[in-house]
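Subject: Model for your files

Hello,

Here is the model we spoke about, with notes below it. Please look through it when you have time.

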Amino acid sequence: MLAPINFNKWVTENADRLKPPVNNFCLYDGGDFTVMVVGGPNSRNDYHLNETEEWFYQVKGRMTLKVAYPVEGGRFEEITIGEGEMFLLPANTPHNPCRYSDTVGIVIERVRPEGSVDRLRWYCPSSSHSSPTLIREVSFHCSDLGTQLKPLINEWMTTPELRKCSVCGEVAEPK
C-alpha cells in the first residue's frame, strides 16, 4: 500500500512533469484505477475516446472539455469545469481536454480491460461540414496514457499529409 501524498506539495515539487504536449503524470497506477495529475497549458486538437468513464476534478483554475457527438445529431460541445468542480465523462465520448496556463486537475480513469481499444481522433476544422468530419483515427490498447499519446500526437503535428481532410481538402493545423 502506498503512503498518502501531500498533493499541494507534490504539485509544487513536480511542476516540471506537467509539460506539453500531454501535460500529465501518473500519480497512482492501481489494479482498477489510474490517477493522473494534469497541468496547463496544453494545445492539442485531438479527441481521445476510450471505452470507460473518466472523472475530472479541477484543483486550480478552470478547464474546457471539448466533446464531439458524431452520431447524436453531429455536433461539438464545450463543457467548462471550474476550480473545485468535478465531472464524470461517459464512456465512448470523444473528448479534448483544454487546459489553461497555471491550472492543475486530477483525472481518474479505469485501468483498461484486456482487449479494450482507445482511439485518438482528429476532426476537420472547416465550417463547410454540417457535422463532425473525421480526418484521422488511430487505435491502440492503452497501457500508459502518459507515454503512448505523445508519439501519436507528434506524428500528427509533423506530418501534413495526415492532417488533410479527404472530404473538403482542408489541412488542419498541427495543434
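The notes below cover the sheet and then the pockets.

This is a predicted model, in which local features need pLDDT of at least 70 and side-chain atom pairs count only at pLDDT 80 or more, while totals for chains, interfaces and linings use all residues. Residues are numbered from 1 along each chain as its sequence is written, and side-chain values use heavy atoms, without hydrogens and water.

Five strands form an open sheet in the order β1-β2-β9-β4-β7, with antiparallel pairing (strands are DSSP runs of E, at least two residues, numbered from the N terminus; two strands pair if DSSP finds at least two bridges between them). At the edges are β1 (24-29) and β7 (86-89), each pairing on one side only. From one strand to the next the twist averages 20° (axes are lines fitted to C-alpha atoms, and angles run from 0 to 180 degrees between N-to-C directions).

Seven antiparallel bridges join β2 (residues 33-39) to β9 (residues 104-110). Within β9, V107 stands opposite M36.

The second largest pocket holds about 200 Å³ of space (a pocket is an open set of points on a 1 Å grid over the protein atoms alone, where a 1.4 Å probe fits, with protein on both sides within 12 Å along at least five of seven lines; lining residues have an atom within 4 Å of a point; volume is the space filled by probe spheres set on the points, joined across faces, edges and corners). Of its 14 lining residues, D29, T34, S143, D144 and L145 lie nearest the centre. The elements giving two or more residues to this lining are β1, β2, β9 and α2 (145-158) (a helix is a DSSP run of H or I, at least four residues).

Regards
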